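This report concerns helix packing and charged side-chain pairs. Please consult the sequence and the structure shown below while reading.

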Amino acid sequence: MVRLLERYVKYFPVTSGTPIISIGEGNTPLVRLDNLGVKLGIELYGKCEGLNPTGSFKDRGMVLAVAKALEAGSKGIICASTGNTSASAAAYAAKAKLKCHVVLPAGKVAKGKLAQALMYGANVLAVRGNFDVALDMTRRLASDLGLNIVNSVNPYRLWGQRSGAWEVSDEIGSPDWCVLPVGNAGNITAYWAGFVQYKKAGLIDAIPKMIGVQAQGAAPLVTGKPFQNPETVATAICIGNPVNAKKAMAAVKSSNGMFLAVSDEEILQAQRDLASSEGIFAEPASCATLAGLYKLKRNGDLPKGIRVVMILTGNGLKDPMIVDYMVSPPKEVEADFDDLKEAIMSC
Ligand SMILES: *Cc1c(COP(=O)(O)O)cnc(C)c1O
């Protein structure tokens, strides 16, 4: 398989001195979602970023950030994380034989993500505070201890994540809309920059409208002010004061896009719909995109027939506990043929 850093070597800031590392990131499926598309009256696609090696899009940025850290002779990397950044950082650090420190908001990280960081061998610390507090301290630690920070304040992270936009464009050109969940607002900025770079290179003729969806309990880019105590079931976007807010607002504005917010209930309903009507199990944050499209459709703000790509940022298996809110556990029956037959026929 072609490694991401090689596939897009012309468009990444890599040099002959950049080590080309890989654990199989990128090249994720862009799946046409006809069951939902028909319902919404649009041509809908899902970019399945949950199929990256650690189960989220973070791997696209992490591979470049870690390669550049290695190139610069790094002593180790550090990140604050709502979960997926830590999983990705820990995996690439393992591959690159670098020390990795992870700072998490205690009790606010999905089980699967925590399991990943621990198994990949990172030094994991949980602070009693929210993500924004953890990130502030992590930035200070990075500079005090001379470590490379691999949050989306790292420009290579964002540059690596542009590759998602390039893959979409390589496959279907420029869609009309590109819809993303927004937390720290790095990915929407990266996709926009990716489309802009491709347009400059003459590979696409238009930039899609960038649509950023936040959870109502953590929607600083919708309300215009930071949230002191962000709360949402979509832990990956539970961020009250996004570090890339300014850049993301500029990207959305210049593409004639918009930000909107959806409730936790809408997110969970969309998660279930995506799984049960398209066979794609994405984590709650990812499904804010579909919830956003539903909302726009309800309000009469979704033009008919447009081509829309949703970035399904992370894998649903990372957060299995959330399922308890949505579905009942399986009905138990005796190990008896007739009992089982009756139960099957009665459903
Ligand atoms: C990190 C993450 C996001 C948010 O991306 P930002 O760049 O912080 O806006 C959304 N969904 C998932 C699954 C993530 O891991």
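## Contact between H3 and H7

In this predicted model, Lys 58, Arg 60, Gly 61, Met 62, Leu 64, Ala 65 and Lys 68 of helix H3 meet Tyr 156, Arg 157, Trp 159, Gly 160, Gln 161, Ser 163, Gly 164 and Glu 167 of helix H7; contact means heavy atoms within 4.5 Å. By class, the contact of H3 with H7 has five nonpolar, five polar and five charged residues. Here Ala, Val, Leu, Ile, Met, Phe, Trp, Tyr, Cys and Pro count as nonpolar, Asp, Glu, Lys and Arg as charged, and the others, Gly among them, as polar.

Helices are DSSP runs (H or I, at least four residues), numbered from the N terminus. H3 spans residues 58-71 and H7 residues 155-172; their axes come within 7 Å and cross at roughly 140°. H3 is therefore oblique to H7. Angles under 35 degrees count as roughly parallel, over 145 as roughly antiparallel, 65 to 115 as roughly perpendicular and the rest as oblique. The axes are lines fitted to C-alpha atoms over the stretch in contact, with angles running from 0 to 180 degrees between N-to-C directions.

## Salt bridge and network

Within H3, Glu 71 and Lys 68 lie three residues apart, about one turn of the helix. A salt bridge joins Glu 71 to Lys 68, with 3.0 Å between the closest N and O atoms; the term denotes a side-chain nitrogen of Lys or Arg within 4 Å of a carboxyl oxygen of Asp or Glu. Lys 68 counts as buried at 11% relative accessibility, whereas Glu 71 is partly exposed at 31%. Buried means under 20% relative accessible area, exposed over 50%, and partly exposed in between (1.4 Å probe, protein chains only).

Salt bridges that share partners join Arg 7, Lys 47, Glu 49, Arg 60, Glu 167 and Asp 170 into one network. The whole structure holds 14 salt bridges.

## Further charged pairs

Glu 6 forms a salt bridge with Arg 3, their closest N and O atoms being 2.7 Å apart. Glu 6 is partly exposed at 37% relative accessibility, and Arg 3 is partly exposed at 32%.

Asp 34 and Arg 32 likewise meet in a salt bridge (2.9 Å, N to O). Asp 34 is partly exposed with a relative accessible area of 39%, and Arg 32 is partly exposed with 43%.

## Basis of the values

Residues are numbered from 1 along each chain as its sequence is written, and side-chain values use heavy atoms, with hydrogens and water left out. Local features need pLDDT of at least 70, side-chain atom pairs count only at pLDDT 80 or more, and totals for chains, interfaces and linings use all residues.

Methods. Helix = DSSP H or I, 4+ residues; strand = E, 2+ residues; numbered from the N terminus.
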